[in-house]
Amino acid sequence: MIQPASPDLITVNVDGREIAVPKGTNVIEAARLAGVDVPHFCYHPKLTVVGNCRMCLVETGMPAVDPATKTPILDPATGKQKVNWGPRPAIGCATNAAPGLHVRTTTQMVKDCRQGVMEFLLINHPLDCPICDQAGECMLQEQATGYGRGYSRYIEPKNVKPKRTRLGPRVTLDDERCILCSRCIRFCNEVAKDDVLGFVDRGSYSTLTCYPGKQLENNYSLNTVDICPVGALTSTDFRFKMRVWFLKQTPSIDIESSVGANTLVWSREGVIHRITPRRNDQVNDTWMSDSGRLFYQRVRAPGRLAGIKIGDQSATLEAAIAAAGRLLQGGSVAVVGSGQSSVEEQYLTRQLADCTAAPAYLVGRSGVGDKLLISADRNPNVRGAVVTGLIKALPTAKLEELAIAIDAGQVKTIVSVGEDLIAAGLTPAQLAKVAVIYLGTQADWTSAAARVLLPSLTVFEKNGTFINQQFRLQKFSAAVPGPAGATDDLVLLAQLVAAAGGPSLASEPASLWTALAAEVPALSAISFRGIPETGLVLDGTPWAALAFAEGAGLHFRPAART
Amino acid sequence: MAEQRRLIFQHIDEPGYSNDLACYLRHGGYEVLRKVVAKPPAEVVDEVKKSGLRGRGGAGFPCGVKWTLLDRKSGKPIYLVVNADESEPGTFKDRYIIHQDPHQKLEGIMITCFANNVKQAYVYIRGEFPEGARILEAAIAEARAANFVGPNILGTPYSCEIYVHRGAGAYICGEETGLIESLEGKRPYPRIKPPYFPAVLGLYQCPTIVNNVETLCHVKHIAAMGGEAYAKIGTPNNTGTRIFCVSGQVKKPGYYEFEVGKLTLGQLLNEVCGGPLPGRTFKAVIPGGSSAKVLKFGERYKGKRKVGAEMVDFDWALEDVPLDFDSLALAGSMGGSGGVIVMDDSVSMVEALGNINAFYGHESCGQCTPCREGSAWMQRVTARMVHGQARKEDGALLKNIADQIAGRTICAFGEACAWPTQSFVAKFGAEFEAYAAKPAKSPAAIELV
Amino acid sequence: MNLKPETLAKIEEVIPHYPVKRSAALPLLHLVQEDQGYLSNEAIEWIAAKLELQPINILELVTFYPMFRQKPIGRRHIRVCRTLSCALSGAYATCAEFEKQFNTYRGEISPDGEVTIEFVECLASCGTAPVVMVDDQLHEKVDRAKACDLAVKIKAEAAKRK
């Protein structure tokens with residue numbers, strides 16, 4: 001047997017292949033590490049194990065030792081240690097690795113088990129594939145194809161259960177498709193802490209439901225749709241909209257709060273159809289809030305800005321930048337950056353503030369943390385502004401300082417990067433006193449009043465990074481192109497810096513990071529391409545004195561203040 | 001042939017014997033408990049181990065071993081749960097203990113609790129025994145008043161409380177972890193083992209013993225006569241007495257207590273129970289509750305078995321099979337709960353299986369795929385056959401479905417619902433095939449489905 | 001929730017029998033059903049609140065166990081065992097006789113409101129098959145004739161009540 005590299009690892013044998021796994025790893029995960037797929041339905045790495053689907057049955061055995069002397073018993077034919085294989089198969093999800101555990105997944109017994117379970121799951125299952133949203137990402141389809149018998153022997157009547165029930169405001173339930181794996185119930189109890197789902201009746205008539213009058217309406221209800229292995233729980237918003245095999249998946253980050261839940265953006269031909277969580281065991285496991293999934297609606301919102309303007313007139317980008325440059329060179333500039341901007345954008349925003357000798361502000365957004373995946377800081381990237389030096393102190397909700405400065409006549413031009421100044425606390429009167437250069441995506445008070453309007457991109461249309469509450473640097477990627485007429489924020493900011501008389505800077509992330517890594521101590525030795533999929537935790541101690549608002553949540557404990 | 005030995009059933013149906021404490025005391029009641037609490041608890045465990053007592057609920061697991069597996073080091077309270085959920089079709093013995101001799105059971109419970117440092121016991125009694133629950137509660141109240149139950153038993157520092165908990169009509173609550181889930185107030189879904197062995201993670205995740213009513217009565221007698229003396233009753237590895245419950249098509253159905261292994265199946269059915277009904281011949285018998293595999297009259301069983309230290313040949317007709325756990329296992333069935341159901345030549349085996357499959361389809365809890373879907377499927381196939389739409393291949397299909405269930409489920413219900421189908425089809429396959437030609441209505445044409 | 005004082009007293013007595021409140025669910029369901037005749041939504045919600053649970057936790061139990069019912073039944077409850085030993089001894093004929101006597105079908109309340117007849121699974125008295133429970137009382141060896149007698153007796157008791 002191979003000796004494992006580290007004392008916390010033990011060696012197990014999967015289909016003849018030895019592999020070292022951490023102690024306590026279950027057989028499904030151990031097999032995955034060995035490159036072997038053990039099919040399953042009810043097992044989920046982030047929920048308790050129930051072992052009820054029986055699809056992960058495998059053969060297990062332990063090396064044979066003489067009970068008295070503890071010496072290995074050898075097989076005379078091969079000279080290797082004999083393995084005592086169990087007479088019955090065992091479920092992989094509930095079998096934890098022990099030193100010397102042997103697993104077989106390709107024997108006739110295992111094939112029979114899988115065919116049997118598949119057959120049983122399909123006998124009462126409605127033939128809904130042609131109209132079922134889950135098609136293309138359905139565990140039943142995949143495992144029936146991979147491990148099923150391939151034909152039906154069932155000629156009896158199938159169970160009839162309620163179909164297309166509105167289980168809650170965002171979730172539709174089809175009880176005939178349900179395979180009673182209980183993932184949704186376990187999720188609601190264990191993660192969302194909302195004990196609202198349960199099984200009624202008995203045997204094959206068991207049915208998932210809510211108590212009459214109650215609904216599945218917590219802000220994590222759509223995670224049950226994500227984890228439902230079949231089309232029983234589906235998203236009402238997504239119902240019948242698009243076949244999943246047409247959709248491109250792009251990794252992104254939820255901008256709802258500083259949690260920075262990892263997401264997947266699903267789009268086809270430039271249109272986003274849904275957002276789902278992306279697994280990150282250090283940030284959000286496999287979950288995200290329902291509310292965070294709605295942000296893609298701003299991509300095609302009715303008020304989406306797509307026309308460059310100087311005053312009321314359409315203009316070219318060149319002309320608008322030149323006009324803005326003249327304003328910036330006129331002095332008395334203030335810069336309002338955003339906690340929703342990327343680290344790269346905040347770096348350029350700071351360059352702009354520096355080269356125009358402008359004070360820089362950020363607009364705070366706060367709410368009550370839900371102790372799960374929505375933190376009290378509703379900006380995804382305040383820490384980016386802090387790390388890049390754009391701001392020194394945490395932002396307030398209203399721009400009081402800026403308002404005072406305007407009233408004192410100290411401000412002639414404001415550059416706002418995506419923040420509506422009226423919503424941020426300025427009055428229309430104050431706004432009227434200044435010339436605004438506005439980089440934005442949605443029509444609002446500020447865009448209407450802007451002297452130079454430069455439509456920019458949403459997080460779904462550009463590339464960049466955010467730093468979340470854990471000081472974790474995480475990448476997001478462009479899923480769809482922006483509308484014609486909108487320009488990438490980095491391009492706009494770099495051109496504004498140049499027009500203001502500042503240095504010539506890169507306008508795309510990879511090149512920008514050379515400068516970032518060189519100038520910002522916390523970001524030294526990082527390359528954009530080198531940032532891992534699961535993010536990179538930075539050293540946040542230089543900012544430990546700041547009164548960050550977040551409380552405890554999933555995978556987050558606020559650091560003690562120094 | 002051996003005579004009945006009424007150890008547990010000594011006072012059942014005895015004229016003048018009533019279920020109150022006064023009567024029990026008149027017959028020497030609670031003297032064993034008095035003896036036991038004066039000695040170290042470990043002694044009782046020793047005696048039970050020496051006795052070789054095997055559980056009488058259906059699994060036949062050695063009681064002493066079960067107690068030894070208890071995690072006594074966890075620091076968590078240890079519970080005793082009495083399985084009074086008697087629901088295995090064909091079984092009707094615990095009913096009489098509960099209704100007619102409850103104090104015998106209570107004394108067995110208290111001895112078991114003392115032996116295992118249990119401070120809290122629950123009697124899980126099936127909901128369909130409402131009178132039994134009332135009788136038990138009254139008996140416990142009497143026993144508590146007389147200091148046999150409750151704080152400081154018989155003046156010792158040992159205290160133990162018992163409460164009665166009524167079930168509500170689910171067979172799966174007879175499965176020990178299903179019972180525990182039911183006691184905890186949840187849907188009675190049996191737990192996966194590992195890791196949830198009751199001896200380690202039982203009731204409220206504390207070490208728990210689950211024992212059948214009759215088993216606990218045997219404990220009292222073992223404590224009285226000593227484990228070695230008990231082990232001399234019955235046959236080696238199948239010690240003591242057990243109550244056989246005979247029902248179905250025999251002249252004298254009823255309960256009979258014999259030393260285990262001291263009589264054969266033939267003796268029980270022909271001599272004790274008077275043989276078949278007039279004009280009929282025996283066709284099949286299920287020897288251990290409906291979950292046990294059926295035995296066909298006319299079969300023979302051959303092989304080698306251990307007698308003492310030697311391997312000895314055996315060659316039995318059905319009538320020759322000794323009624324003990326090991327022999328019935330060698331004959332391809334099991335001793336189970338002791339429920340013996342007899343069928344004669346008037347019965348269609350397809351219809352009988354239809355009746356049994358309807359039971360399992362109804363009682364499946366629905367937690368795991370093979371049992372939930374498979375038991376319902378088998379129920380529907382046999383029902384279709386009985387109602388005149390059988391196909392030639394249905395027998396083979398039934399057996400194949402059953403093969404896909406047994407050994408693949410969370411609990412033994414999988415085997416329980418699969419074994420009847422497997423054995424009926426294997427042994428009476430011709431009847432199943434013949435149903436496709438025309439539904440074979442037997443002359444007596446009794447409705448079973 | 002309009003429960004009798006004795007029922008409420010028993011409920012308060014039984015809850016502390018268990019270290020975890022949830023265990024009292026089955027005892028409370030029995031007590032409330034005996035008090036009210038069946039378990040209404042109001043009863044389910046009341047029990048859930050009493051045990052600090054969610055209503056779905058109680059509904060899961062009510063629908064799992066056949067002895068709990070969410071609708072009222074006839075004044076008398078006739079339960080006929082249908083499992084193998086009783087069936088072999090004629091349980092289906094026994095049930096049919098009851099249905100005929102009361103002009104009703106299994107699961108319904110008879111036209112005179114007096115009975116509900118049900119099949120149940122093995123009642124653990126197979127040696128005296130066929131067996132029938134009328135309310136809490138077990139009746140043994142109930143063939144067609146005895147079923148007829150029992151029906152007559154039930155009707156007589158009903159008449160006396162009027």
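Q: How much area do chain C and chain A bury between them?

A: The size of an interface is often given as the accessible area lost when the parts come together. Buried area here is the accessible area (1.4 Å probe) that two parts lose on being put together, summed over both. In this predicted model, chain C and chain A bury about 1100 Å² between them, 58% of it on carbon and sulfur atoms. Contact means heavy atoms within 4.5 Å; by that rule 12 residues of chain C are in contact with 13 residues of chain A. A salt bridge is a side-chain nitrogen of Lys or Arg within 4 Å of a carboxyl oxygen of Asp or Glu, and the count between chain C and chain A is zero.

Q: Which conventions apply to the numbering and to the model?

A: Residues are numbered from 1 along each chain as its sequence is written, while chains are lettered from A and ligands numbered from 1 in the order in which they are written. The model is predicted, so local features need pLDDT of at least 70 and side-chain atom pairs count only at pLDDT 80 or more, whereas totals for chains, interfaces and linings use all residues; side-chain values use heavy atoms, with hydrogens and water left out.

Q: Into which domains is chain A divided?

A: Domain bounds come from an automatic or database domain assignment. Chain A is divided into domain 1 (9-106), domain 2 (129-141 + 156-298) and domain 3 (309-543).

Q: How many residues of domain 2 of chain A are in contact with domain 3 of chain A?

A: The contact involves 35 residues of domain 2 of chain A and 29 residues of domain 3 of chain A. These two domains bury about 2600 Å² between them, 58% of it on carbon and sulfur atoms. In domain 2 of chain A, the residues that lose the most area to domain 3 of chain A are A:I255, A:S258 and A:R298, together 24% of what that side buries. Across this interface the rule finds one salt bridge.

Q: Which residue forms a salt bridge with A:E533?

A: The partner of A:E533 is A:R278, with the closest N and O atoms 3.5 Å apart. A:E533 lies in the loop between α13 (509-519) and β24 (536-537) of chain A and A:R278 in the loop between β14 (271-277) and β15 (309-310) of chain A, so the pair ties together parts that are 255 residues apart in sequence. Helices (H or I, at least four residues) and strands (E, at least two) are DSSP runs, numbered from the N terminus.

Q: Is A:R278 buried or exposed?

A: Buried means under 20% relative accessible area, exposed over 50%, and partly exposed in between (1.4 Å probe, protein chains only). A:R278 is buried, with a relative accessible area of 10%, whereas A:E533 counts as exposed at 59%.

Q: Where do A:K462 and A:E345 lie in chain A?

A: The side chains of A:K462 and A:E345 meet in a salt bridge (2.9 Å, N to O). A:K462 is in the loop between β21 (452-455) and β22 (464-467) of chain A and A:E345 in helix α7 (residues 343-355) of chain A, 117 residues apart. A:K462 is buried, at 7% relative accessible area, and A:E345 is buried as well, at 1%.

Q: How many helices and strands does chain A have?

A: Chain A has 13 helices and 24 strands. Of its 562 residues, 56% count as buried.
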